[in-house]
Amino acid sequence: MKWEGNRESDNVEDRRSDGGGGGGPIFGGRSIGIGTIVVALVGGWVLGINPLTILSLLSGGGGGGQVVQQQSPAQAPPAHDTMARFVSTVLADTEDVWTDIFRQGGSQYRDPKLVLFRGAVGTACGTGQSAMGPFYCPGDQKVYIDLSFYDQLKNQLGAPGDFAQAYVIAHEVGHHVQNLLGISGKVDEMRGRVSKVEYNRLSVKLELQADCLAGVWAHHAQNARQILEQGDVEEAMNAAARIGDDALQRAQTGQVVPDSFTHGTSAQRQRWFMTGLKSGSVNSCDTFSAASL
């Protein structure tokens, strides 16, 4: 992936020196303990668990309590940190693409923040953990990532490559786009109104749409800046295959339970990323109306 020398985003917060998130956020006067989160989130994103669902449950659900962040002021990452520069560059590219797409649609895109952390971090959605992998919190419109996840992606999941890493960021930014469009809010409103199985199906559609939106970003980034090198698309497709619910469940337990899927199968994740990549159209990403996923 051709990224060096391109614009870096100013919307990156480096909280890696905060020492576990600077204290847990308080929900309605009740602190959420890190130990509880660790037990609940072991495997997290890697196991296909929806982080926001877990965080909502642990915080009492639905965001009913006021969140008090106890953190030191965020800093920009150091200039010599190559991986932080990479993340900042990919984020900047998503900003450029989505700003143009929203402008063409007659609206204004609001850039998300991207937070680098280690171990644990306080968010408006609860205390985030490295075990969750990268996640997006709609409450503060921030993407959170512990960069050690990329080592897991390469060494444990067998999905190396810088474009695979970019795909992960673009997927989380896709959740931000869904938040701005009101899609994720509508899905969240269904929590408690439908069965767990049905809510899991809605979660799958939400996640596959984020994969498609990541593909839309890649389409426009390639057209504007020719970022792709030979093998890059294959890297993203390999990553999508490695993090499919069926692949992760089979690797962890030897069994596949479709009703428990929250992110989609490997084939579905690959298909929807390629749909966005080929079309470059947000309209092509309507997983909720699709006859089949």
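This report describes aromatic pairs and the surroundings of one proline in a predicted model.

## Aromatic pairs

The structure contains eight aromatic pairs. One of them joins Trp 3 and Phe 86 in an edge-to-face arrangement, with 5.3 Å from centre to centre and 80° between the planes. This pair connects distant parts of the chain, since Trp 3 belongs to the segment before strand E1 (12-14) while Phe 86 belongs to helix H3 (residues 82-104), and the two are 83 residues apart. Trp 3 counts as buried because its relative accessible area is 9%, below the cut-off of 20%, and Phe 86 is likewise buried because its relative accessibility is 3%.

A further edge-to-face pair is formed by Trp 98 and Phe 102, whose rings are 6.4 Å apart from centre to centre, with 85° between the planes. Both residues lie in helix H3, where a spacing of four residues corresponds to about one turn of the helix. Trp 98 and Phe 102 are both buried, and together with Tyr 109 they make up one aromatic cluster.

Pro 112 is placed in the loop between H3 and strand E5 (113-116). With a relative accessibility of 0%, Pro 112 counts as buried.

When residues up to four places away in sequence are not counted, Pro 112 touches Asn 11, Leu 91, Glu 95, Gln 141 and His 176. The C-alpha atom of Pro 112 is also separated by 5.4 Å from that of Lys 142, although these two residues are 30 residues apart along the chain.

Technical notes: Residues are numbered from 1 along each chain as its sequence is written. This is a predicted model: local features need pLDDT of at least 70, side-chain atom pairs count only at pLDDT 80 or more; totals for chains, interfaces and linings use all residues. Side-chain values use heavy atoms; hydrogens and water are left out. Rings of Phe, Tyr and Trp (its six-membered ring) pair if their centres lie within 6.5 Å; planes under 30 degrees apart count as stacked, over 60 as edge-to-face and the rest as tilted. Buried means under 20% relative accessible area, exposed over 50%, partly exposed in between (1.4 Å probe, protein chains only). Contact means heavy atoms within 4.5 Å.
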